[in-house]
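Please examine the sequence and the structure shown here before reading the briefing.

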Amino acid sequence: IQRYLVWAWGETALADGQPAQALALAQRLIDTAINPEGSQLPHLLKFKGEALVALGRLTEAEAVFSQGAEAARQHETRPIWLQIEMARARLARAQGQPREADRASTTARAVIEDLAATLDPPAREAFRVRALAQLG
């Protein structure tokens, strides 16, 4: 429960325009994570990447998002993988890297379709529309 509270505190700090505090909390969570497999935890890497973006440390954010995407892909945690790929696409567009933005967007679209396939038909199209709107 304490870790979830720290994570929520960090997300709040990020939303309140305190990215340095959010980054410190993200790093604290990463450093103290109990992960028997020893692999990275994608949701924490996404959080850290977002804090780095807010601090203007874009090259570091890009590397962290890449690690998070790979961890999410390996763990087959598609919802967080989708969120990371969307963040990567936004970051690449902001950096003027259209090829990277297209690559991340293509991956995100594939994950959207994969997730949509798991939904009942009435929810499937609504999910696609909302997810693609977030992708931009």
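This is a predicted model: local features need pLDDT of at least 70, side-chain atom pairs count only at pLDDT 80 or more; totals for chains, interfaces and linings use all residues.

Local features need pLDDT of at least 70, side-chain atom pairs count only at pLDDT 80 or more, and totals for chains, interfaces and linings use all residues. Residues are numbered from 1 along each chain as its sequence is written, and side-chain values use heavy atoms, with hydrogens and water left out.

**Fold**
- The protein contains 7 helices and 0 strands; helices (H or I, at least four residues) and strands (E, at least two) are DSSP runs, numbered from the N terminus.
- Along its principal axes, the C-alpha trace spans about 40 × 35 × 30 Å.

**Burial and surface**
- Buried residues (under 20% relative accessible area, with exposed over 50% and partly exposed in between; 1.4 Å probe, protein chains only) make up 37% of the 136 residues.
- The protein exposes about 7,900 Å², of which carbon and sulfur atoms supply 56%; the areas come from the Shrake-Rupley method with a 1.4 Å probe, and for residues only the protein chains shown count as cover.

**Aromatic pair**
- A search of the whole structure finds 1 aromatic pair.
- The rings of Tyr4 and Trp7 have centres 6.4 Å apart and planes at 25 degrees, so the pair is stacked.
- Rings of Phe, Tyr and Trp (its six-membered ring) pair if their centres lie within 6.5 Å; planes under 30 degrees apart count as stacked, over 60 as edge-to-face and the rest as tilted.
- Both Tyr4 and Trp7 belong to helix α1 (residues 2–15), where they are 3 residues apart, about one turn of the helix.
- Tyr4 counts as exposed at 60% relative accessibility, whereas Trp7 is partly exposed at 23%.
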